[in-house]
Amino acid sequence: MRTAALPPAPGEDQHPALALVNTVQTTPAGSADLIADPELAGSWLTGHSLLPEDVGFGEPCTIRLHALRQALRTLLACATSATPPPAEAIAAVNTALTAAPTAGLLAWDPAQGLHRSARHPLDQATDHLLARIAVDAVDLLTGPGADKLAACGAAPCSRFLVRTHGARQWCSVRCGDRIRAARAYARRTHGSST
């Protein structure tokens, strides 16, 4: 089942890795995969300035993006629950980190002259964008704000967020409202049964 995309969770604007992880959305209205196919994945990547608009994104690249997303979801779930991460998830991120060359290629065109170019054949472009996401994920998981990572506390929401203050436990106003409504209902129900 598909549902309308939720507004960005806190931290997504600074962390493309968090935004990628949150492309899997589960809400009471259903589930959605915002990068389910190559067209959606390419559009999402272009919208997050990770892929030039004139580069197509195919099925093999989408499969690689999904694999990195799953590894990152696993790592964030472990980080937010203080459980040891599986070696496979760490290996998937390390593979993405080391697959891309560290230097841009030299290119020339009449408008820019000699310049470094981030444009590569699609496989290498995919290596670069996955590496950028993986670097961001490592920064997110190991940086000074790592203790602010949280899973949304509004079941069944499947998103993660960077808490903007200590009390924040949900990814959106919608999830926060759902939690508050459930608490109010529980108080009324519990109060009327006594």
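These notebook entries record what I looked up in the structure above.

**Entry 1. Ground rules**

I worked on a predicted model, in which local features need pLDDT of at least 70 and side-chain atom pairs count only at pLDDT 80 or more, while totals for chains, interfaces and linings use all residues. Residues are numbered from 1 along each chain as its sequence is written, and side-chain values use heavy atoms, with hydrogens and water left out. For secondary structure I took DSSP runs numbered from the N terminus, namely helices (H or I, at least four residues) and strands (E, at least two).

**Entry 2. Helix α2**

I began with α2, which covers residues 38–47. Which of its residues are buried? I found A41, G42, W44 and L45 in that class. Viewed down the axis of α2, these buried residues fall within an arc of 165°, so they line one face of the helix. The arc is taken over the directions from the helix axis to the C-beta atoms. E39 and G47 are exposed on the other side of α2.

I then looked at the ends of the helix. Just after α2, S49 takes a positive phi of about 55°.

**Entry 3. Backbone exceptions**

I noted that S49 has this positive phi although it is not a glycine. S49 lies in the loop between α2 and α3 and is exposed, with a relative accessible area of 55%. A82 also has a positive phi of about 55° without being a glycine. I placed A82 in the loop between α3 and α4 (87–99), where A82 is exposed at a relative accessible area of 71%.

Where is the cis peptide bond? I found it joining A155 and P156, with omega about 5°. P156 lies in the loop between β5 and β6.

**Entry 4. Salt bridges**

I counted a salt bridge when a side-chain nitrogen of Lys or Arg is within 4 Å of a carboxyl oxygen of Asp or Glu. The structure holds 4 salt bridges, and I looked up several of them.

E12 pairs with R159, the closest N and O atoms being 3.6 Å apart. E12 lies in the segment before α1 (16–21) and R159 in the loop between β5 (149–151) and β6 (160–162), so the pair ties together parts that are 147 residues apart in sequence.

D33 and R69 meet through their side chains at 2.7 Å, N to O. D33 is partly exposed, with a relative accessible area of 21%, whereas R69 is buried at 7%.

D177 and R180 form a salt bridge at 2.8 Å, N to O. Both lie in helix α6 (residues 173–192), 3 residues apart, about one turn of the helix. An α-helix has 3.6 residues a turn, so residues three or four places apart point the same way. D177 counts as partly exposed at 40% relative accessibility, and R180 is partly exposed with a relative accessible area of 40%.

**Entry 5**

Strand β3 (residues 105–109) pairs with strand β4 (residues 113–117) in the antiparallel sense over 5 bridges. Two strands pair if DSSP finds at least two bridges between them. The two strands form a hairpin with 3 residues between them, and D109 stands opposite G113 in β4.

Which residues make the nonpolar surface patch of about 430 Å²? I listed L106, W108 and L114. Patches are made of residues with over 30% relative accessible area and no salt bridge; like charges are joined within 9 Å and nonpolar side chains (Val, Leu, Ile, Met, Phe, Trp, Tyr) within 5 Å. The area comes from the Shrake-Rupley method with a 1.4 Å probe, and for residues only the protein chains shown count as cover. W108 has its place in β3 and counts as exposed at 58% relative accessibility.

Note on methods
Buried < 20%, exposed > 50% of the residue type's maximum accessible area, 1.4 Å probe, protein only.
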